[in-house]
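Student: I would like to learn how to read a protein model. Can we work through one together?

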Amino acid sequence: PATGALAGQHVVITAGPTREAIDPVRYLSNHSSGKMGFALACAARDQGARVTLISGPVALATPEGVTRVDVVSAVEMLEAVNASLAECDIFIGCAAVADYRLAEVAEHKLKKVSGSPGLTLSLVENPDIIAAVTHRQSPPFTVGFAAETRELARHAHDKLVRKRLDLIVANDVAAPGLGFGADDNAAVLYYLDPDQPDNPATSHTLSPRAKQDLARAIIDYMLP
Ligand code: C5P
């Protein structure tokens, strides 16, 4: 049997970007590399947890001892999350889920029409995966991420309340050399006093370091 502070716990983590198809050859996506989510999977595993890693398309090897589920779109990611939630103790939403998908995916490759005024794509909102997790009956301890370029504390507080998160990891993505695609990251952790949710969130700053070290510090912070 596993030993460590998370022995016997099932940790479910989403990682990477999602891809929203436009037609059979094109998609909308973002620059998420998946490195932070994969590093969290390793850190949770090292604490003895059983880990399910639900990942969008990334160029990363599956960490040893971790169960990986590959998905492409946000809707697929939600389905995979729902399928993994039985007996989930901790959910970490690290994926950069596309906010919108195409209202209709074209069956055939879209053709360029030269001289036309341009092309308009019609988008509809994707489901909020982490909010779907926290709005279930008896939700797991849920950790969210927030990539912000300004007003970290205000946006973090807003997301804690709106998405009913237990902890949020806020990244300043405007900081040079950190965040998307980089090997290093810094973060500020925020959480609310459940008895006084209107009070400012308590914060804990983690200085810039390798994503593996940051992941370990985040997991350590959640331990009893
Ligand atoms: O609202 P925003 O996208 O900034 O929230 C970020 C947090 O919400 C992350 O934890 C991300 O994984 C999660 N999220 C999600 N489903 C979405 C959008 C965001 O799970 N559709």
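**Reading the model**

Tutor: Start with Gly-34, which counts as buried because it has 23 C-beta neighbours inside 10 Å. The rule: a residue is buried if 20 or more other C-beta atoms lie within 10 Å of its own, exposed if 12 or fewer, and partly exposed in between, with C-beta atoms placed from the backbone. Residues are numbered from 1 along each chain as its sequence is written. This is a predicted model: local features need pLDDT of at least 70, side-chain atom pairs count only at pLDDT 80 or more, and totals for chains, interfaces and linings use all residues.

Student: Which residues does Gly-34 touch, not counting residues up to four places away in sequence?

Tutor: Two residues are in contact if their C-beta atoms, placed from the backbone, lie within 7 Å. Leaving out residues up to four places away in sequence, Gly-34 touches Ala-15, Gly-16, Ser-55, Val-58 and Leu-60. Pro-57 is 23 residues from Gly-34 along the chain, and their C-alpha atoms are separated by 8.5 Å.

Student: Where is Gly-34 found?

Tutor: Helices (H or I, at least four residues) and strands (E, at least two) are DSSP runs, numbered from the N terminus. Gly-34 sits in the loop between strand 3 (26–28) and helix 1. The protein has five helices and twelve strands.

Student: How do I check the span of helix 1?

Tutor: The expected span is 1.5 Å times one less than the number of residues. Helix 1 (residues 35–46) has twelve residues, so it should span 16 Å; its end C-alpha atoms are 16 Å apart, which agrees.

Student: Is helix 1 mostly covered or mostly open?

Tutor: Mostly covered: eleven of the twelve residues of helix 1 are buried. Among them are Lys-35, Phe-38, Leu-40 and Arg-45. The buried residues of helix 1 pack against strand 1 (10–15), strand 4 (50–55), strand 6 (90–93), strand 11 (184–191) and helix 5 (211–222). After helix 1 comes Gly-48, with a positive phi near 95 degrees.

Student: What about the ligand: which residues come nearest?

Tutor: A residue is near a molecule if its C-beta atom, placed from the backbone, lies within 6 Å of it. Of the 14 residues around the ligand, Gly-93, Val-97, Ile-129, Ile-130 and Gly-144 come nearest. Helix 3 (129–134) and strand 9 (141–148) each supply at least two residues of that shell. Strand 9 gives the largest share, three residues.
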